[in-house]
Amino acid sequence: LGIRSAQPPTPSCQAVVYVQQPFSLALLRLFRSKSYVVLFIGCGLAIGCFNTLSTLVQQMMCPFGYDNVTVGFCLGWFIGAGSLGSLVFGYFADKTGKLEEISKILYATSSIAYILLVLFIINQVWKYFIYFAFAFVGFVSLPLSPISMDLSLECVYPIPEATATGISVMSSQIIGILMVVIFPKFARPLNAHQMLIETCSKDLKDDIAILDYSTIQFDSPKDLASFSRVSRLFLSVSRDDRIWQRLCYRLYNIKPSLNGMKQSFYDLFTKTLVPYGRYLGYWKSNERYFGGLTDVTLNILDGTITGEKLSVMNASNNIAQYYFDDEDEEANESFLKPVFIRSKLFTIDSLSHQIYCHQYNQAHHELSWIKTFNKNQQYFGLSQEALPSNERSLLITHDHDLTEIPGERDIYFTRHCSDDSTIIYHPLSIPQSTTDASNHSLSRLNGLWIGSYGGHGLELLHLELCHDFTCPTTVDGMLTDAEIVPDALIARKISGDPNVPHGKITFAAIHPLEGESDSPLCYEGIGQIAHTGYVNPQFIRTKVTILSNDMLTVTWYALHHTSLFKRCIF
């Protein structure tokens, strides 16, 4: 209502004097002027950066913990200081007429101001310094718009003002749109620290209360995928790396250090763990008689999965045998000093999906996977957890070869390096030792152990508290009544020998023996012996003496020897 004429009483500059000429001719003359082309690009970048910063400022600041209130104040300082700068620099430009010099100063200063602003945001400085940085950027960048427009008019006189300024404004809009589209493509996944402080996902609402990420639990990735299809909010929640971090830990026991992650947990889960995570963990191989323990681990740094065979030797020197005479009151633990040796068997590259055999220095075709239950259901997690807990310990007794039909509840993978070398691996569930008073005292001995077996050297054992154990009816060649023991400690061989091969029971602690209060806890037990080739296996009487939670002895009465066993510590 206050505008009373079409033109101001005096023109802003000589270039605004109207000269009649065709639009196409004016447009051609504009882009023949090198000065105008430079201003076209420079002005477009300056105003485009201003518009882009106004649009993306929340996305830029929320990963570093700045909330919406802080972002709002930043934009207020940004625009307010920009308006003030336009008045100040416009006044000096009118008084001095030095448009070129002022524009050069503003271009240089605004470049420094943008760099300073980015450094302040990344280093999470005090919010008042952030306000100052935004005010500084606005103060020196927003005045570039009117001053560059006037300067472009001076360069292309006598082309009409509307044509020259309209093309310059179009430049800034096009460059601003490109920046808004392209800049988010350079975004990096948030690290663990940023995931803890970010505010990007704190204000998402979809007609429901704000979701608490710490309480969201999913039984499987399929549930999470279904959850993501409900709405845009749920899709955003399903991409939160904290949820995938919990899935990596709960299903695959993966908990890398904060400095070790070079990819998001979402990528780790979907690209590495889904196709190859089932191979992780401990496995028992089926090499004839000897068997063995294989440890398959994930290298977070390069995304490879490596299978290593764990073999053991005694570090004690000049030890001719690994038994002790039963006349000794206590076995000397210095005779048993295990040293574990890791030998690489295979490596899986999750990026190239190649499997390399280290024994034959050649590539594997595949590691064939067999699961004879729930065949049509994809399983996520460690392979040993595919079976119920009461069935996992049974896998240690499996010793079939490729000519046999897999059992009804069987799970394993095969490694075929050459025509005459095929090995089957069954998942090995390691029971956790418990010292809770509510559990049986023998449960504290659960786990992997190592023991001495005379000339056969050191062998690996699997100890587990077994409920309702059926005792053998023949011990020391004598028939006994059938007995079911409610709680017994069963030791099975993981690495065996030609006499008693892997997977077989080597000894068991059955009934507690009475003794003095200060003496070690002892159990009546049984032990298995056999001739070479596992011929004529039989059980003999033994005494199991528990020296500590990590050491015990077994006295073999018929052999007149005592052997020492220690818990494995890799």
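Student: Anything to know before we start?

Tutor: This is a predicted model, where local features need pLDDT of at least 70, side-chain atom pairs count only at pLDDT 80 or more, and totals for chains, interfaces and linings use all residues. Residues are numbered from 1 along each chain as its sequence is written, and side-chain values use heavy atoms, with hydrogens and water left out.

Student: OK, how do H4 and H5 cross?

Tutor: The axes of helix H4 (residues 99–122) and helix H5 (residues 127–141) come within 9 Å and cross at roughly 160 degrees. That makes H4 roughly antiparallel to H5. Here "roughly antiparallel" is for angles over 145 degrees. Axes are lines fitted to C-alpha atoms, for helices over the stretch in contact, and angles run from 0 to 180 degrees between N-to-C directions. Helices are DSSP runs (H or I, at least four residues), strands are too (E, at least two), and both are numbered from the N terminus.

Student: Which classes of residue make the contact of H4 with H5?

Tutor: That contact has 14 nonpolar, three polar and no charged residues. Among them are Leu106 and Phe120 of H4, and Phe129 and Val140 of H5. Contact means heavy atoms within 4.5 Å. Ala, Val, Leu, Ile, Met, Phe, Trp, Tyr, Cys and Pro count as nonpolar, Asp, Glu, Lys and Arg as charged, and the others, Gly among them, as polar.

Student: And what about H3 with H4?

Tutor: The axes of helix H3 (residues 68–96) and H4 come within 9 Å, crossing at roughly 150 degrees. That makes H3 roughly antiparallel to H4. Phe89, Phe92, Ala93 and Thr96 in H3 meet Leu99, Ile102 and Leu106 in H4.

Student: New topic: what's the volume of the second largest pocket?

Tutor: About 630 Å³. On a 1 Å grid over the protein atoms alone, a pocket is an open set of points where a 1.4 Å probe fits, with protein on both sides within 12 Å along at least five of seven lines. Grid points are joined across faces, edges and corners, and a volume is the space filled by probe spheres set on the points.

Student: How many residues line the second largest pocket?

Tutor: The lining has 25 residues, and Asn253, Gly281, Tyr282, Leu382 and Gln384 lie nearest the pocket's centre. Lining residues have an atom within 4 Å of a point. By class, the lining divides into twelve nonpolar, eight polar and five charged.

Definitions and conventions:
Angles under 35 degrees count as roughly parallel, over 145 as roughly antiparallel, 65 to 115 as roughly perpendicular and the rest as oblique.
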